[in-house]
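Colleague: I would like to learn how to read a protein model feature by feature. Could you take me through one?

Modeller: Gladly; here is the one to look at.

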Amino acid sequence: MAHLASDLLPESFDVIVDGTGLTLGLIAAALARTGRSVLHLDRSGFYGELWATLLHKDFEEWLSEHISGKGAEEVPVGPIPELEGKKRALVIRDTPRTVSNVVDFIPHNPQVAPKEDLDTAKPTPQETGQSPSQPIQSPDQPIQSPDQPIQSPDQPTQYPSQSPAQPNPPEQEGDKSSVSSDVPSKVTGGDEGAGEGTGEEKPPGGVPARQTWQSVDKRWFNYDLMPKPLYCRGDMINSLTETNIGRYLEFRAINKLFTRTGDKIEQVPCSREDVFSSKAISMVEKRRLMKFLTFCVDFEKHPEEYQAHETIPYSEYLQLKGHSQNLVHYIAHTIAMVDDRTTTIEGLRSTQLFIRSLGRFGNAPFLFPIYGSGELPQSFCRFSAVWGSVYCLKRYVQALVMEEDKLVGVVCSSGQKIACKAVVTSAKNLRTTVDFHGSLKTKRLSRAIYITDGPLESTDGVMTVVTIPPLSLGSNQSRPLHLLQLDPLSSCTVAGTYMIHVTVESAQTTAHDDLHVVAKTFFNIEGHNDCNKGGPNLLRAIYFNVDTVQVDQSQSSTLDLPKDLCLVSDPDDSVSYEAAMKEAKEVFHQLCPGESFLPATPSPEDIIYDDTPSPGQPADNGEGGTPKLTPTVGESPSNPPTLQPANGESPPNPPTVQTADGETPSVAQPADVTVVSPQPAELLKNTGDSHHGDVTGGATQT
């Protein structure tokens, strides 16, 4: 159920979750699944916080707010109502803005006035007292009014009308307040249709017209604030599959990975066939690589090989094993995707996850959600709403209500008092009011979003991840860079353009200082000579810094905080969602010890019916009794009296499965049954990779 910001909310909940980021959405979904009553708030007018994906007009408004400095000062706290007895209020104040140093660069075009120069572009002064620059307005769309109605979390994402350059959006028929279970969740091959339908306008001579930012249909762009791919066998995909939350989503497989060696971009070998056909490593290195990858599949069975080196850097461990510097780069940076600070045990686990993910949906271990990563937090919010959670945007927790040392409720930004037993929020909301004694780690991230008229060189025009080894772009690049390239089939960009995301921990003052070398190295920039004239043309570059707070959940019990107040981290610069999933599980088990985190959703055949109608429920209509409601708080979680969501909807149906030729089998089975998925050790021995054909044919996955 969703409420507008002006609505009066119920007066009591079991748990209040403040923020709709991915980690908080996971926790809310897991709590709702156990039968607890959950109130989910967010101070923004959209879901996802820093994990969100924004349409072009919304992204322009978001940029305008941060360029102009809006929101940089603390939001004034409204009056706290009188509290009875010994209750007191712990006020939560906004921290300083988390996004800063925004640079929006559009290269000079003879038809328009230049916006900024790449070398001289500096963030708009926001803390010096100077007048800020004018807010950015979308050239073809007005800024959305803040009073516009907010979309319910259990509504499907509203996509614009279909464009010839875009994949078909999911059909939305009938009641708009619910998600149709008839829309299957699909995984499509990463190379399917690559290079087709570019949509480039050709003059009479047959030569494609030069693409410019002004000529692009900007309405169709989807901007990820913090995008990440998903490991095919990671905890995120497993949860989406087991709970059927994946029915809200569609994915594309990232079938190729690349890395920069010298001045060339080479494909990363992801199978035995790739390893022995690669020209980037010698024959001796190939045999060493295959032997080490085979060891990593079940490295836990050979503790004598790594136990003495668990705490040293992974790259140092690889050197001790006799691997060349070239192999160290391939294993640590392009396969494990870790930096030189990662310990050996963490590096081995990352390498193992990479290998185990191979072959499930393609030749590479990653998937990416169509329409952007922001679909993930929204899907968990929808699932939580189906199981009875209450949602309200543009409202947040203003203060915690304490009685002695016990948390008993909150005061919302509207001034309403709401009783609760626990609160989950981001650590940044309390950073200015609570002394954490150094237990929180702050990290500044540098982000860049590049829009170009073509793919990176030698990447075959597909959606991919390109790894840049440390120091290869200059002495200031101390850590590896991972460039996420999205093609038009991702529905994040339009035909004839590509969107490239870069995220790295800041080493210099601004994101522009950290990452402008990427633009000069890989793109042709109009009006600049010190750039790659053979690369794709840069249409637009956006830089910004994100200040994040990271929580060590193992130290949470040592903090001087109420027992039932749980804090979570902001997004980090890791490649995947594994850290967010791990933290969500840890917080859930603090609140619900001994209970299952997001257990598998039952099929309709498993719903238990009762011949006697429950109080307040309609009588039996002759169709088999009345389905029981979700368990109330206090009932045994090991024997819940119901398997049906709280709002009376049927649980999600099993996903429909398509075979390699696109036909639907007569009996729907779990997607893992139809996708040929050899064991990791077998995959390393498989030279033909014939099973990949089953994936590119369009197997459905939730």
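Colleague: Let me start with a hairpin: how many residues lie between strand 15 and strand 16, and which residue in the turn has a positive phi?

Modeller: First, some ground rules. This is a predicted model, in which local features need pLDDT of at least 70 and side-chain atom pairs count only at pLDDT 80 or more, while totals for chains, interfaces and linings use all residues. Residues are numbered from 1 along each chain as its sequence is written, and side-chain values use heavy atoms, with hydrogens and water left out. Helices (H or I, at least four residues) and strands (E, at least two) are DSSP runs, numbered from the N terminus. Now your hairpin: two residues separate strand 15 from strand 16, and Glu404 in the turn has a positive phi of about 60°.

Colleague: How do the two strands run, and how many bridges join them?

Modeller: The general idea is that two strands pair if DSSP finds at least two bridges between them. Here strand 15 (residues 397-403) and strand 16 run antiparallel, joined by six bridges.

Colleague: Why is strand 16 described as largely enclosed by the rest of the structure?

Modeller: Burial is read from relative accessible area: buried means under 20%, exposed over 50%, and partly exposed in between (1.4 Å probe, protein chains only). Six of the seven residues of strand 16 (residues 406-412) are buried, so the strand is largely enclosed by the rest of the structure. Across the protein, buried residues make up 54% of the 702 residues.

Colleague: What does His323 touch?

Modeller: Contact means heavy atoms within 4.5 Å. Leaving aside neighbours within four places in sequence, His323 is in contact with Arg288, Phe292, Leu318, Val328 and Ile331. His323 belongs to the loop between helix 6 (314-320) and helix 7 (325-335), and is buried with a relative accessible area of 9%.

Colleague: How should I read a nonpolar core, and which residues touch the most other members of the largest one?

Modeller: A nonpolar core is a set of buried Ala, Val, Leu, Ile, Met, Phe, Trp, Tyr and Cys residues joined through side-chain atoms within 4.5 Å. The largest has 70 residues, of which Phe59, Tyr223, Leu257, Phe292, Tyr314, Tyr317 and Leu348 touch the most other members. Helix 5 (residues 283-297) gives the most to this core, with seven residues. Apart from it lies another core of 49 residues, including Val38 and Val587.

Colleague: Finally, at what angle do helix 3 and helix 11 pack?

Modeller: Helix 3 (residues 235-243) and helix 11 (residues 578-591) pack at an angle of about 60°, with their axes 8 Å apart. The contact involves Asp235, Met236 and Ser239 of helix 3 with Glu578, Met581 and Lys585 of helix 11.

Colleague: And how many helices and strands does the protein have?

Modeller: There are 14 helices and 26 strands in the protein.

Note on methods
Axes are lines fitted to C-alpha atoms, for helices over the stretch in contact, and angles run from 0 to 180 degrees between N-to-C directions.
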